Amino acid sequence: MATIALRRLVKRFGSTVAVDDVSLDIPHGKLVCLLGPSGCGKTTTLRMIAGLEQPTSGEILFDGAPVSNVPPQRRGIGMVFQNYALFTHMTTYDNLAFGLRIRGEPRETVDGEVRRMAEVLELTAVLDHPAARLDLSTMQRVALGRTLITRPRVLLLDEPLNNIRPGLREMLRAELRRLQLDLNQTAVYVTHDQEEALSLADQVIIMARGKVEQIGSPDGVYRRPRNRFVAAFVGSPTMNFLPCEVTSRDGEPHLAGPGFVIPAGRRPDLGPRGRLIVLGIRPEGVRLGEGPVSAVVMLIQPAGADQIIELAVGDHRLRALIRPSLRLTIGQQVALDFPSDELHLFDAATGEALDG
Amino acid sequence: MRGLLPLVRWVAAVAVAAVVLMPVVWAVSISFKPPAEWAAHPPRLVPEEPTLANYQVLFQVGNPVGVVAEMTRTAEPVTRAFITSLIVAPLATAASVAIGFFAAYAVSRYQVGGPMLPFLALTTRMFPPVAFAVPLLVYYRMLGLIDTRLGLALMYTGFTVAFPLWMIKGFIDSVPRHVEEAAILDGASRWRVLFTITLPLVKGGVAAALLFVFILNWTEFLFALIFTSRHAITLPVQVSYYAGAVGRFYGPQAALGIVASLPVVIAGYVIQRHLVRGFTFGLVK
């Protein structure tokens, strides 16, 4: 068993607050992604879990027991670093064997484990190669193997696939996930790539400026973003935002945007007339053809299975993801609809989602 | 035109080598010349009557005859100075590089002593060394370190330690912190990390520092001259003894110079393999 709990964790470097009052629980056997833009405190959080940084305040619990006084060597942590941090003066074999040798395991045990791990990660052919001469994806697997071989209670991964070229990245990602599921390994995965987080994680923790913005399942953070930041950060292409005002028509609540009025659907939390709201709609939620919103096609970007259309609505730009069979020309007038179940509404001042 | 370039390169290389090696070649030549040819005009590179007398004089083996034997009777055999140099220089070099390595690690990883410390360490090299001689002479007298091998070794350690500190610090700075952290998370202690991870990764820098400091210590003249008189004279001082009031004994002097340079040549040869490896065995950025 290995569960991690962070309680009101704070880390300051001088006057900058890197991690600001973070509390979260990581259940056993789950892969949790810390997702956020660079500088959001995700790596610092990871390093505090590892014990490489001391929290300024707050507590870290492993299986319910505080670990503040446990040095990193004895936390049972395995960590894969962004640049793999291989021991470049050693061979693949010696890299894999390092942790076991430190533990004073007998030669035969070390040899057996190394060969077994090399088998699993397909490193047998490069066991005698110097680590400095391996290609990046192989290095990544060596780093992973070196970490897993000591059977860590918790596996920490700091943007481990950053340096891998796209096609291979998806493959390694799937491989990693399979391995994690097979081992039932508790893992914390740091990334700034929302697509990676959504495809990999059991649970996504979105951070910004040192704070946790939202915790949820990949589906949850995509469908029900708690605020504008999460809404904009998760999903690609990015969600469109339009300023709106609450109004009513025929006694039904409506939203008045730049040049359009649309029904707001049944929302008890909409607030009084005249309230300023930001309407969010994902490009894949925009319907083209008929509707109350008129727009002009500004740009057409084919994207394989879809095409991304950039549209002007009043002074605002928004993007729509549509079927490639739909032929459009630049400058063409089109009608749009924003179906009410595709709408995300945020308070204009706070950026918090209304639908709570 | 293409075919010319290698030729031009070859000529340039030979020219540079000739300039650099000329003094060495000349010293070798003199060391095999009898006294009459030492300063003969016009100078000849190849001795007319080659002799081993100059070398015999140094170690006082056999019975050198003639003028050389007569002239150098006053000088002591070089064996003692040789032994002194062979003790003092390696000892001081090892101490200096060891201290420099730990200091470099402390400065690079923990900013020990603040940002000014590495600079302050260099101040020992900013004055003419002789400025330190008089105060040190006083202390050395009180401590009984004058004319001792230990005294010299201590002094050489102190005066050279800034070099390995700076040279190795650059190498340690370039070892990614993550590499050490990875080893720590694998269970290694700080010391273990230092010796099994960091040291092997910076061994090119350590090798360079060893060679550099060894050459400094091996050839140091001023302090050796001032702080030793009889028991702990070193080779460079001994070399100077062949230019005395009676005249200049170029032959034995050249012979001693050649003999004295051999340990450095050997040390350089042994270390050079690591120097190259240190620079080419790259790390992942």
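Residues are numbered from 1 along each chain as its sequence is written, while chains are lettered from A and ligands numbered from 1 in the order in which they are written. Because the model is predicted, local features need pLDDT of at least 70 and side-chain atom pairs count only at pLDDT 80 or more, whereas totals for chains, interfaces and linings use all residues.

Strand β3 of chain A covers residues 31–35. Helices (H or I, at least four residues) and strands (E, at least two) are DSSP runs, numbered from the N terminus. Five of the five residues of β3(A) are buried, so the strand is largely enclosed by the rest of the structure. A residue is buried if 20 or more other C-beta atoms, placed from the backbone, lie within 10 Å of its own. Both faces of β3(A) are covered, with A:L31, A:C33 and A:L35 on one side and A:V32 and A:L34 on the other.

This strand pairs with two others, where pairing requires at least two bridges found by DSSP. Five bridges join β3(A) to β8(A), residues 186–191, in parallel, and four join β3(A) to β9(A), residues 203–208, also in parallel. A:L34 has bridge partners in both: A:V190 in β8(A) and A:I205 in β9(A).

Helix α4 of chain A comprises the 13 residues 136–148. The expected span of a helix is 1.5 Å times one less than its number of residues; for α4(A) this gives 18 Å, which agrees with the 18 Å between its end C-alpha atoms. Of its 13 residues, 11 are buried, so α4(A) is largely enclosed by the rest of the structure. Among them are A:M139, A:V142 and A:L148. The buried residues of α4(A) pack against β6 (77–80), α2 (92–102), α3 (107–120), β7 (154–158) and α5 (166–183) of chain A.

Chain B has 15 helices and two strands. Of its 285 residues, 34% are buried. Two residues are in contact if their C-beta atoms, placed from the backbone, lie within 7 Å. In chain B, residues 24 or more positions apart account for 74% of the contacts with a separation of 6 or more.

The contact between the chains takes 22 residues from chain A and 20 residues from chain B. On the side of chain A that touches chain B, β6 and α2 are the elements that give two or more residues.

Key. A residue is buried if 20 or more other C-beta atoms lie within 10 Å of its own, exposed if 12 or fewer, and partly exposed in between; C-beta atoms are placed from the backbone.
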